Amino acid sequence: MNTPKNRTLDRLDVQILKTLQQDGRISNVDLARRVNLSPSPCLERVRKLESEGYIENYCAKLNASKLNLGMSAFIQVTLDRTTGDVFDNFKHALVTIPEVAECHMVAGGFDYLVKLRMEDMENYRRVLGLLVELPGVAQTHTYVVIENVKQDEGLPL
């Protein structure tokens, strides 16, 4: 299954991905130096990794507390029925709520795990009110984050 979009990455590709994942603002010259390539072939590899979809985006990691979004919570959502239209209606409505940082459909005792980012408990209450009114929602359970022990720092390459 080594199609152009799913090829086996070599050691240099993996090194490039690791380095960019840690520092997306690194210059091509510095990246090339770190992975022991000259700048031109390094840039060609980066562009190929981008075009093949291995690199989806470049972004800045923001400080949630400084931006008054330091509170986070995970909410288990159980839908009243598990049919395609109920899933679709829920998803289309959920993505319009700005405080929803992530949403994952899961297998197990509930249907979705939703991560919220907000300022405080008052805002949490407001957002919960929106969530429970979404199409198909039968039940929710909330887990407020007390401490971030480990956050997503990228893929373990």
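Reply: Happy to! Let us begin with a term for surface cover: a residue is buried under 20% relative accessible area, exposed over 50%, and partly exposed in between, using a 1.4 Å probe and protein chains only. Keep in mind that this is a predicted model, where local features need pLDDT of at least 70 and side-chain atom pairs count only at pLDDT 80 or more, while totals for chains, interfaces and linings use all residues. Residues are numbered from 1 along each chain as its sequence is written, and side-chain values use heavy atoms, with hydrogens and water left out.

Now to the helix pair. Helices are DSSP runs of H or I with at least four residues, and strands are runs of E with at least two, both numbered from the N terminus. Helix 1 (residues 11-22) and helix 3 (residues 39-51) have axes that come within 11 Å and cross at roughly 80 degrees. Those axes are lines fitted to C-alpha atoms, for helices over the stretch in contact, with angles from 0 to 180 degrees between N-to-C directions. Angles under 35 degrees count as roughly parallel, over 145 as roughly antiparallel, 65 to 115 as roughly perpendicular and the rest as oblique. Helix 1 and helix 3 are therefore roughly perpendicular to each other. On the helix 1 side, Leu12, Asp13, Ile16, Leu17 and Leu20 make the contact, and on the helix 3 side Cys42, Arg45, Val46 and Leu49 do; contact here means heavy atoms within 4.5 Å. Sorted by type, the residues of this contact are seven nonpolar, no polar and two charged. For that sorting, Ala, Val, Leu, Ile, Met, Phe, Trp, Tyr, Cys and Pro count as nonpolar, Asp, Glu, Lys and Arg as charged, and the others, Gly among them, as polar.

Most residues other than glycine have a negative phi. Asn36, though, has a positive phi, near 60 degrees. With 48% relative accessibility, Asn68 counts as partly exposed.

Strand 1 includes Ser72, which counts as buried because its relative accessibility is 4%. Leaving aside residues up to four places away in sequence, Ser72 touches Lys115, Leu116, Arg117, Met118, Val144, Val145 and Asn148. By contrast, Gly109, in the loop between strand 2 (100-105) and strand 3 (112-118), is exposed at 75% relative accessibility. The C-alpha atoms of Gly109 and Gln76 are 9.2 Å apart, although 33 residues separate them along the chain.

Stepping back, the chain has five helices and four strands, running α-α-α-β-α-β-β-α-β from the N terminus. Its radius of gyration is 20 Å, well over the 15 Å that the globule rule gives for 157 residues, so the chain is more spread out than a compact globule. That radius is taken over C-alpha atoms, and the rule is 2.2 Å times the number of residues to the power 0.38. Along its principal axes, the C-alpha trace spans about 55 × 40 × 25 Å. Of the 157 residues, 31% are buried.
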